[in-house]
Amino acid sequence: MRETRKLDAFVGGLCFGGVIGVSIALWKIQRKKPGSCALDKELEEYEADKADVLRDRQALFSKNQSVSYSNSTPLMIVKGEGQYLIDEKGTKWLDTRNNVGHVGWQNERVTTAIQNQMSRCNSNSRYLHPARVLLAKKLRNTFKAGSALRENGICFFVNSGSEANELAFRLARAFTKGTNSIVVERAYHGCTNITVDLSPYKFLGRGGEGKPDWVEVIQCPDTYRGIYQDEDTAGTQYALQVEHACDKIAAKGEKLAGFFIESGMSVAGVILPPKNYLKEAYECVHSNGGVCIADEVQTGLGRFGDYFWGFEQQDVQPDIVTIGKPFGNGFPLAAVVCRKEIADSFSNGMEFFTTFGGNPVACVAGLAVLQEIEKGNLQKNASETGRYLKRRLIDLADTSKRDRLGRKIGRLIGDIRGSGFFQGIEF
């Protein structure tokens with residue numbers, strides 16, 4: 001029965017300025033009990049006293065490495081199972097914070113693939129290995145038939161979304177011979193030097209050093225609190241800011257390298273671009289000699305439900321796509337896929353090598369994630385359940401209904417937005 005549908009999924013939440021983002025990963029879990037080892041006893045003894053672990057963590061790590069819920073009672077998570085994280089006392093917590101366990105924490109298909117490959121070999125990426133090549137083939141096949149990325153896209157495997165985004169910008173600079181970038185306010189693209197410089201959420205936030213000279217920041221295309229709110233015209237109006245940014249770069253006598261944008265802006269408040277925004281923005285960037293980079297770290301691999309990649313919602317084709325967090329379902333794996341001519345421009349004689357990027361264990365994890373999405377029909381599940389979730393949230397926001405005290409039920413909810421298992425509630 002539809003009205004009793006369970007969200008058989010892990011729920012990941014993102015918060016920004018009164019927005020709760022529900023980034024639900026895809027999903028059904030079966031789990032075998034892992035074997036034990038000598039280290040388990042030492043860990044079990046240590047986890048018995050959470051206060052000791054917290055005290056030692058604070059002594060051993062930098063203060064800017066935060067602990068979730070440290071303003072109340074920090075959670076010590078020692079296990080995962082599907083949509084739940086489990087603490088040292090065995091309490092199951094519905095995971096509303098993470099977006100990594102894309103097909104569910106400790107998914108059997110993924111953990112088995114990792115365990116099996118780790119028991120064989122985990123060499124560096126200079127050696128041939130079938131898993132690396134097979135993953136590249138399958139990843140390319142997720143793009144639209146006939147597109148440049150599907151027909152002759154070039155893949156790079158790295159360890160994290162931050163690495164992927166930094167590499168993407170290096171590729172953009174190599175191809176265009178430009179240095180400047182256009183980014184969206186409140187955007188977050190990673191923790192390396194370059195990606196922090198591409199992230200207004202960081203460089204304009206607490207401890208940030210301000211906007212670099214080579215970065216132009218445009219307004220977030222927010223149709224709820226932004227300056228343009230008409231769904232039919234906001235996309236075009238916001239896209240004009242891309243044109244103005246291009247003009248600023250040209251006026252300095254400099255050149256645009258790339259337009260960096262999340263296909264669904266997560267940290268910015270679960271913002272989906274308004275109609276025609278990406279199409280018109282991409283056209284402007286291309287006409288000014290830049291490339292378009294789609295950061296799909298949060299939104300890729302079917303999370304949007306009706307679309308495997310978030311940018312497909314706007315019927316555009318980026319020049320470079322990055323994917324990170326969900327690709328390995330908790331195992332470090334990320335990727336960059338770009339047009340062949342962009343990769344060719346990067347091949348200037350200097351080797352690009354990352355020891356663990358695309359190692360065999362990471363690649364079988366990625367293969368297992370893609371297989372689980374396909375075999376479990378999880379993209380369809382995200383689409384159907386996401387529509388159900390959104391409908392129920394809209395019901396919750398209905399101000400015509402009242403609670404037992406006579407108060408309007410939806411009085412605190414201002415906006416509900418998103419697609420599939422990428423949903424936002426703004427108060």
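Contact here means heavy atoms within 4.5 Å. The model shown in these views is predicted.

**View 1. Phe259 and the residues around it.**

**View 2. The largest nonpolar core.** This core holds 58 residues, and Val242, Phe259, Tyr277 and Phe327 touch the most other members. Helix α12, which spans residues 360-375, contributes ten residues, the most to this core. Apart from this core lies another, of 26 residues, including Phe169, Trp214, Ile293 and Ile320. In soluble globular proteins, nonpolar side chains tend to be buried together.

**View 3. The seven-stranded sheet.** The sheet is open and its strands run in the order β6-β12-β11-β10-β9-β7-β8, with mixed pairing. Strands β6 (154-158) and β8 (215-218) stand at the edges; each has a single partner strand, so one side of each is left without a neighbour in the sheet. From one strand to the next, the twist averages 20°.

**View 4. The pairing of β10 with β11.** Strand β10 covers residues 291-295 and strand β11 covers residues 320-323; the two pair in the parallel sense over three bridges. Ala294 has Val321 as its bridge partner in β11.

**View 5. Helix α9 on the sheet.** Helix α9, made of residues 234-251, packs on the sheet and touches β7 (180-184), β8 and β9 (256-262). The direction of helix α9 makes about 155° with that of β8.

Methods. Residues numbered from 1 in each chain as written. Predicted model: local features only at pLDDT ≥ 70, side-chain atom pairs only at ≥ 80, totals over all residues. Heavy atoms only, no water. Core = buried A, V, L, I, M, F, W, Y, C linked by side-chain atoms within 4.5 Å. Buried < 20%, exposed > 50% of the residue type's maximum accessible area, 1.4 Å probe, protein only. Helix = DSSP H or I, 4+ residues; strand = E, 2+ residues; numbered from the N terminus. Pairing = 2+ DSSP bridges. Axes fitted to C-alpha atoms, helices over the stretch in contact; angles between N-to-C directions.
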